[in-house]
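Dear colleague,

Here is the structure we discussed, with the sequence alongside. My notes follow below it.

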Amino acid sequence: MLRIRFFEEEVGRLRAEGSIVGSVHLCNGQEAIYAGASAALDLSRDAVFPTYRGHGWTLACGVPPYALFAELLGRQTGVNGGRGGSAYLTAPEYGMYGENSIVGAGAPIAAGAALAATFDGSGRIALAAFGDGALNQGAVHEAMNFAAVRDLPVIFLVENNHYSELTPIASMVRGDRLFKRASAYGMPGGQVDGNDPTAVRDAVARAVERARRGQGPALIEAVTQRIVGHYIGDAQHYRPPGELETALADEPISRLLATLRETIPYAELDALTERVRDEIADASALARADPPADPSTVLEHLYA
């Protein structure tokens, strides 16, 4: 979780100075979802399909920070050679099968990966992660219905951060317990504290165990709140007074550190924090020193 937080803070700095270009969506405050869910998966065979807010998922799947920094910086050494950038990167060798800037589009792709698992004997579980607003996308409904009808081993994980881009989810749907939609498809659904990595891990683990037994998909709603804007540069005028302060008081890292300090010496936790901070700083410096992607190779890896 610290690795994700410090990575995102460094990305924000690099974007502000112009070293990273283009639209960037940070996940500060949602780290417990990625850490908890990935701990319940077997990423040597399982497949994760995140949204365009995917840096946290990528790191949680095990992609080294250096390779991810290099990708965002457009370097040849990036995980996709600098071609994917912030919102389109992929790392299937780590179980991370690619971000998607089309809202909710990862759900039917994950259903396809789960369908393949019913034929190839891999025992693969597919996890589709998307935001609360994506539940209103037709493709997500179709994916959940198809997965339920075919008993596919896929987990639909809603990162409910209370905002669909800049619009409060409360102004978009009548019911705020999004997991209840699962009953319409005949699959189990549940809500979990998305700021508690252990709770997320346990909920996903139960769904994984059930899916591996051939009992089909599940819908998990992880309730959290981002502590940054929807995108870098978002002034967040839509947030009511005091909301951000409340979110900061309940964000997952400070909450977990407070719990750990009851049994682990402060010095040990401080040393861990500084080690991860140094790791991120070193990875960023190393990536910035790498050569940019060669524009003459832009037509490679394409097909007509």
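**Notes on the predicted model**

Helix H4, residues 65-72, is mostly covered, with 7 of its 8 residues buried. This is a predicted model. The buried residues of H4 are Pro65, Ala67, Leu68, Phe69, Ala70, Glu71 and Leu72. Helix H1 (2-17), helix H3 (55-60) and helix H10 (266-288) are included in what covers them. Just past the end of H4, glycine 74 adopts a positive phi of about 70 degrees.

Next, a helix pair. Two packed helices are described by the angle between their axes and the distance between the axes. For helix H2 (residues 31-39) and helix H7 (residues 197-212), the axes come within 7 Å and cross at roughly 40 degrees. An angle between 35 and 65 degrees counts as oblique, so H2 and H7 are oblique to each other. The crossing of H2 past H7 is right-handed. On the H2 side the contact is made by Ala32, Ile33, Gly36, Ala37 and Ala39, and on the H7 side by Pro197, Val200, Arg201 and Val204. By type, the residues of this contact are 7 nonpolar, 1 polar and 1 charged.

Last, a single residue. Asparagine 160 lies in strand E3 (residues 154-160). Its relative accessible area is 4%; buried means under 20%, so asparagine 160 is buried. What does its side chain make a polar contact with? The partner is the side chain of glutamate 221, at 2.8 Å. Neighbours within four places in sequence aside, asparagine 160 is in contact with Asp132, Ile169, Asp176, Leu178, Glu221, Ala222, Val223 and Thr224.

Regards

How values were computed:
Residues are numbered from 1 along each chain as its sequence is written. This is a predicted model: local features need pLDDT of at least 70, side-chain atom pairs count only at pLDDT 80 or more; totals for chains, interfaces and linings use all residues. Side-chain values use heavy atoms; hydrogens and water are left out. Buried means under 20% relative accessible area, exposed over 50%, partly exposed in between (1.4 Å probe, protein chains only). Helices (H or I, at least four residues) and strands (E, at least two) are DSSP runs, numbered from the N terminus. Contact means heavy atoms within 4.5 Å. Axes are lines fitted to C-alpha atoms, for helices over the stretch in contact, and angles run from 0 to 180 degrees between N-to-C directions. Angles under 35 degrees count as roughly parallel, over 145 as roughly antiparallel, 65 to 115 as roughly perpendicular and the rest as oblique. A crossing is left-handed if the near helix is turned anticlockwise from the far one by less than a right angle, and right-handed if clockwise. Ala, Val, Leu, Ile, Met, Phe, Trp, Tyr, Cys and Pro count as nonpolar, Asp, Glu, Lys and Arg as charged, and the others, Gly among them, as polar. A polar contact is a pair of N or O atoms within 3.5 Å; within protein, one must be able to donate a hydrogen and the other to accept it, and residues adjacent in sequence count only if both atoms are side-chain atoms.
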